[in-house]
Amino acid sequence: MNILGINAVYHDTAAALLVDGKLVVAIEEERFNRIKHGKMPDVDNPHQFPERAIRFCLDYAGLTTEDIDHVGYSFDPELRRARFRAEWWPNPKDEEVFLLRLGQAREVADGIFGRQLRQKFHFVPHHLAHAASAYFPSGFDRAAILTVDGIGEAAGSTLAKGVGKEIEEIETFDFPHSIGFAWEVICGYLGFDIYDASKLMGLAAYGNPETFRGQFAQMIRVGDEDYSVDPEAMGFQSAKTSRLESLIGPPRYEDMAFERRHADIAAALQESTNEAIMALVRRLKRKVPFDKLCFAGGVALNCVTNELIKQAGGFSEIFIPYAPHDAGTAIGAAFAVHCAKAKNQPERGNSTPYLGPEFDRREILAAVKSAGFTPHISKNPARDAAGMLADGKIVAWFQGRMEFGPRALGNRSLLADPRRPDMRNILNQKVKHREDFRPFAPSVLAEHADQWFEVGAHARSHEFMLFACGVKPDRKDRIPAVLHQDGTARLQLVQRDSNPRYHELISCFHELTGVPLVVNTSFNDSEPIVCTPADAIVTFRKSGIDALFMGEVYLTAED
Ligand SMILES: [Fe+2]
């Protein structure tokens, strides 16, 4: 049975394919159309499908549209009608347009698949899709499941439980009680794109949460086991009036300098978020007293909060997928449809993020030649790249299947030497052009990580850069390029089995330097992460990257 999952309703549009319950391919539309998040969420476009991602999934698996048995779409218009109130929009008429477009999703799918799908097209509740995207890859037999995002059909947070192949919703916190929207509002208020939560998270480490603690307590009220968001205090667009500026002062615009106050605001939001999520985790633990926790939704990308959940110790293991944000709902929708339609269980415990395209040597060489570069061939790319890193070079590492999700995890990565105090500045000046306050993450050999970082019990989600771990005090001086302001590092554990080529490269760097980690940042400069060899060469050419390795083929800046 072939099931295609689609996320198209808001942003981070994506497609994923399950073949007989096994996830074989998944990709985000942004990697093809080169528009960040694939498309902007708009009342008028939930029927805009990730057509190139869908096409790629079919081609990868050698299938045609005829071969697809079922299609899952990670949003449910019926649930929306039942639970969402039009007055939650700034303009209530927007809901009519939104529902109209959602109603057209089925026709759009019929057009893409060249036939009337009828009962083969399924709307899947958004938070069920998030939950499934975490629960089935976790491999847990049963788990408490928490989803926290901006909004699904109506809910900002959902508590659920998974047992066998069944996921059951326990309780929701509906709009306006949305932590995700609070982050969007404060991102905009501080002059970022509203989806730049990771920038806000980086800035928070420089601030003092006490300064605006009282004000944020009015915006996000947190109890022992619940939270609520005041839409007027928070300045949600749906509110009749906004108290945001009277509470925390005038906004920062994009071209204004950062002040201490801005970092303090970010820190207060991070603190409120931590408390709200911990309250939900306590509530969930009481209602679903299982030993394992799955966490999904865009808010689960917050590695500071994730570390707190882990340290609180209520669960023996926490699984957060490599794509907890909306792109992951394409995977979850496919799993949910499989559970409804297939007799067998879907595959459990497969958590590899390497689900995208890969390119063979012939394709790589063709791209290099058409770009006018002279290719070199390395007999040992891991060793040669590690040597360059130890010499202070920035190396682009393009290998195997592309990652699904917002983090580059060693297959479409830019790498550098973590020992150099100036490496953050060099990376920012030559390639990344990011704000100075944003940290760079380390990729660490799993077997050596405990000597350098306060990892605690290793979890599979440590492979996805989802926890901010402390750095051992006696190691801090040796790896300044990956040390954040608060003494933590958003590390990726690298297991040999999960990514042998990347593990080998870091092992070579370890042999050369005695340091079992490298700086890893996504291979891009402001645009979506590179997908093809041609994308990689474009970014290599326009930036200050010193060398680009694609398989065994490599280019250097001197060429
Ligand atoms: Fe979502």
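In helix α13 (residues 303–312), the residues C303, T305, N306, E307, I309 and K310 are buried, where buried means under 20% relative accessible area, exposed means over 50%, and partly exposed lies in between (1.4 Å probe, protein chains only). This is a predicted model, in which local features need pLDDT of at least 70 and side-chain atom pairs count only at pLDDT 80 or more, whereas totals for chains, interfaces and linings use all residues. Residues are numbered from 1 along each chain as its sequence is written, and side-chain values use heavy atoms, with hydrogens and water left out.

**The ends of helix α13**

- N302 caps the N-terminal end of α13, with a side-chain oxygen placed 3.1 Å from the backbone nitrogen of V304.
- Just after α13, G313 adopts a positive phi of about 75°.
- Helices (H or I, at least four residues) and strands (E, at least two) are DSSP runs, numbered from the N terminus.

**The iron site**

- The iron ion is coordinated by H126 (NE2), H130 (NE2), D149 (OD) and D326 (OD), at 2.0 to 2.3 Å; donors are N, O and S atoms within 2.8 Å of the metal (3.2 Å for Na, K and Ca), and since water is not among the atoms, sites may look incomplete.
- The angles among the four donor atoms run from 89 to 168°, and the site of the iron ion is irregular.
- Four donors count as tetrahedral if all angles lie between 85 and 135 degrees; four count as square planar and six as octahedral if opposite donors are over 155 degrees apart and all others between 65 and 115, and anything else is irregular.
- Along the sequence, the donor residues of the iron ion follow the spacing H-x3-H-x18-D-x176-D.
- H130 belongs to helix α6 (residues 126–138) and D326 to the loop between β12 (317–319) and α14 (328–341), so this pair ties together parts that are 196 residues apart in sequence.
- H130 and D326 are both buried.

**Strand β7 and its partners**

- Seven of the nine residues of strand β7 (residues 155–163) are buried, so the strand is largely enclosed by the rest of the structure.
- Strand β6 (residues 142–148) runs antiparallel to β7 and is joined to it by seven bridges, with R142 standing opposite V163 in β7; two strands pair if DSSP finds at least two bridges between them.
- The hairpin that joins β6 to β7 passes through six residues.
- On β7, antiparallel pairing with strand β8 (residues 166–174) extends over eight bridges, and the bridge partner of K161 in β8 is E168.
- The hairpin of β7 and β8 has two residues between the strands, and G164 in the turn has a positive phi of about 60°.
- S157 lies in strand β7 and counts as buried at 0% relative accessibility.
- The side chains of S157 and Y227 are joined by a polar contact of 2.7 Å, a polar contact being a pair of N or O atoms within 3.5 Å; within protein, one must be able to donate a hydrogen and the other to accept it, and residues adjacent in sequence count only if both atoms are side-chain atoms.

- Strands β16 (residues 441–445) and β19 (residues 488–494) pair in the parallel sense over three bridges, and S443 stands opposite Q492 in β19.

- S378 is found in the loop between β13 and α16 (381–390), and is buried with a relative accessible area of 3%.
- The side chain of S378 reaches the backbone nitrogen of N380 at 3.0 Å, and a polar contact of 2.6 Å joins the side chains of S378 and D384.
- Although S378 and Y554 are 176 residues apart in sequence, they are 7.0 Å apart in space, C-alpha to C-alpha.

**The nonpolar core**

- The largest nonpolar core has 198 residues, and those with the most contacts inside it are F49, Y73, L146, I186, I248, F453 and L548.
- Helix α12 (residues 260–287) gives the most to this core, with eleven residues.
- A nonpolar core is a set of buried Ala, Val, Leu, Ile, Met, Phe, Trp, Tyr and Cys residues joined through side-chain atoms within 4.5 Å.
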